[in-house]
Amino acid sequence: MSGLDPVSLQVMIGGLRAACDEMGATLIRSAYSANIKERHDCSTALFDAGGELVMQAEHIPVHLGSMPDAVAAILAEEQLPGGTWILNDPYRGGTHLPDVTLISPVFVADGLLGFAACRAHHADIGGPNPAGMPARSRTLDEEGVVIPPTRVSDGELERLAKQMRSPHQRFADLRAQAAANRIGELRLTELAERHGLDRLRAGMEEILAYAERRTRVALEALPDGTYTAEDVLEDDAGGEPRDVTLRLEASVTGDRLILDFSGTDAQIADNLNCPLSVTKSAATFAVKVLTDPDAPPCAGAYRPIEVIAPEGCLLNARFPAAVAAGNVETSSRVADLTIAALGGAKPVPAQGQGTMNNLTLGGESFTYYETLGGGQGACPNADGPSAIHVAMSNTLNTPVEALESEFPLRVRELALRRGSGGAGRYRGGEGIVREIEALAPMRYTLIGERRRHPPRGRDGGGDGAVGSDSLNGEPLPGKVEGDLQPGDRLRIETPGGGGIG
């Protein structure tokens with residue numbers, strides 16, 4: 001035990017959380033691209049000297065749950081005051097290539113205190129496709145610039161930015177990330193001065209232990225047993241629609257939980273594959289939502305959870321498999337699957353849209369990336385919310401004014417998709433309709449799920465409507481890329497959530 005009384009512990013938790021929130025605000029307000037400054041597609045966190053996640057801001061679940069693996073990737077290296085590391089390699093701590101992570105060690109008088117880290121989804125990462133989100137990539141190299149864990153030296157950020165489209169924008173966003181880490185360093189140092197170094201270190205240990213105790217208590221409240229679930233992803237990027245099956249066996253024993261995905265299909269030639277860090281992130285996020293969502297968001301909350309995914313399966317792919325869609329679409333299905341399995345132990349929501357409806361537009365002069373909200377599944381005691389980002393995404397929609405002022409695009413329609421939520425005693429949330437007109441030649445990519453298989457209702461509730469995409473009124477597959485000419489209209493109708501009862 002740290003000797004901290006409960007009030008002092010909560011004060012320290014509040015101080016660390018405020019530091020993470022300020023890091024996020026700095027990144028968002030300093031960024032140049034709409035993807036970060038408008039959609040807030042970024043995350044910030046603080047780690048102790050051993051690389052354990054001590055606190056995070058409430059940003060993007062798929063970023064935050066996987067960021068510990070990024071810190072682990074540089075932990076054995078020599079750490080120097082004022083140093084910073086950069087990486088995006090999905091097989092060495094990253095998620096998919098557009099998500100770039102900066103990690104800065106924080107030093108005090110007697111040595112390393114911890115790390116400040118931030119991750120942001122960049123609107124481009126080089127490679128053949130604008131925005132680094134191709135629908136048909138087969139290997140990692142086809143998705144953009146791969147950055148292994150690299151110490152940032154003078155000129156390194158600018159050198160990397162020059163390998164991407166709109167390098168001035170990429171460089172500005174990387175500088176915003178560096179500024180966010182600097183704020184984390186300052187605030188962590190100030191907390192050490194305020195509380196005393198030994199007391200802060202002891203407090204970090206106690207926060208981790210406190211979150212672990214709370215999670216174990218919540219797991220003990222579940223009936224012991226093994227619960228199973230199965231679901232599919234829609235792999236149509238190769239032209240011929242086929243389903244890829246994910247299976248989960250969740251075993252609750254006392255205060256421990258094992259999530260075993262061993263029955264999942266092998267990795268595939270297309271880019272729905274996941275690195276293990278993304279799978280762990282999605283699974284542990286879903287468990288936290290269902291057990292004790294108010295426990296401190298730190299590594300301690302995940303200590304009682306073991307995630308198993310055999311190497312070479314879709315959820316633990318081997319290098320150099322493509323992973324662009326794994327981070328956004330497969331992660332959403334892993335969260336769905338975990339919630340569905342634990343529905344055998346406690347009441348859970350119906351399925352939400354289960355996709356991020358990824359849209360990219362651009363060329364050599366601009367890149368635009370967005371994920372689109374949809375319907376959340378009904379809760380056991382309430383209707384599901386409409387037109388929001390659910391599960392592994394926690395971003396905003398790009399405002400129409402920002403989109404039209406910055407890009408050669410016109411929004412023809414942005415509305416609720418009436419009637420898309422599943423019927424029931426409690427209805428599923430509604431999806432949205434977004435129709436965009438191109439005002440200049442550009443390339444587009446769509447990566448979405450739930451286009452053939454609807455979000456399922458529970459306990460007799462109706463399913464949500466499947467999503468739908470079209471170009472000038474002609475239907476498109478869920479994963480497709482092509483060219484737009486001025487006047488072409490791209491229409492996306494996102495799925496609704498399932499109903500309950």
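Colleague: Which backbone atom lies 2.7 Å from a polar atom of the side chain of threonine 291?
Modeller: That's the backbone oxygen of valine 287. Bear in mind that this is a predicted model, where local features need pLDDT of at least 70, side-chain atom pairs count only at pLDDT 80 or more, and totals for chains, interfaces and linings use all residues. Residues are numbered from 1 along each chain as its sequence is written, and side-chain values use heavy atoms, leaving out hydrogens and water.

Colleague: OK, and where is threonine 291 found?
Modeller: In the loop between helix 8 and strand 10 (305-308). Helices here are DSSP runs of H or I with at least four residues, strands are E runs of at least two, and both are numbered from the N terminus.

Colleague: What is threonine 291 in contact with, leaving aside neighbours within four places in sequence?
Modeller: Ala218 and Leu219. Contact means heavy atoms within 4.5 Å.

Colleague: Switching to helix 8: at what angle do helix 8 and helix 9 pack?
Modeller: About 40 degrees, with the axes 8 Å apart; helix 8 covers residues 276-290 and helix 9 covers 326-342. Axes are lines fitted to C-alpha atoms, for helices over the stretch in contact, and angles run from 0 to 180 degrees between N-to-C directions.

Colleague: Which residues of helix 8 meet helix 9?
Modeller: Among them are Val278, Phe285 and Val287, and the helix 9 side includes Asn327, Val334 and Leu342.

Colleague: Zooming out, how many helices and strands are in the chain?
Modeller: Ten helices and 19 strands. Along its principal axes, the C-alpha trace spans about 65 × 55 × 40 Å.

Methods. Polar contact = N/O pair within 3.5 Å; in protein donor to acceptor, adjacent residues only side chain to side chain.
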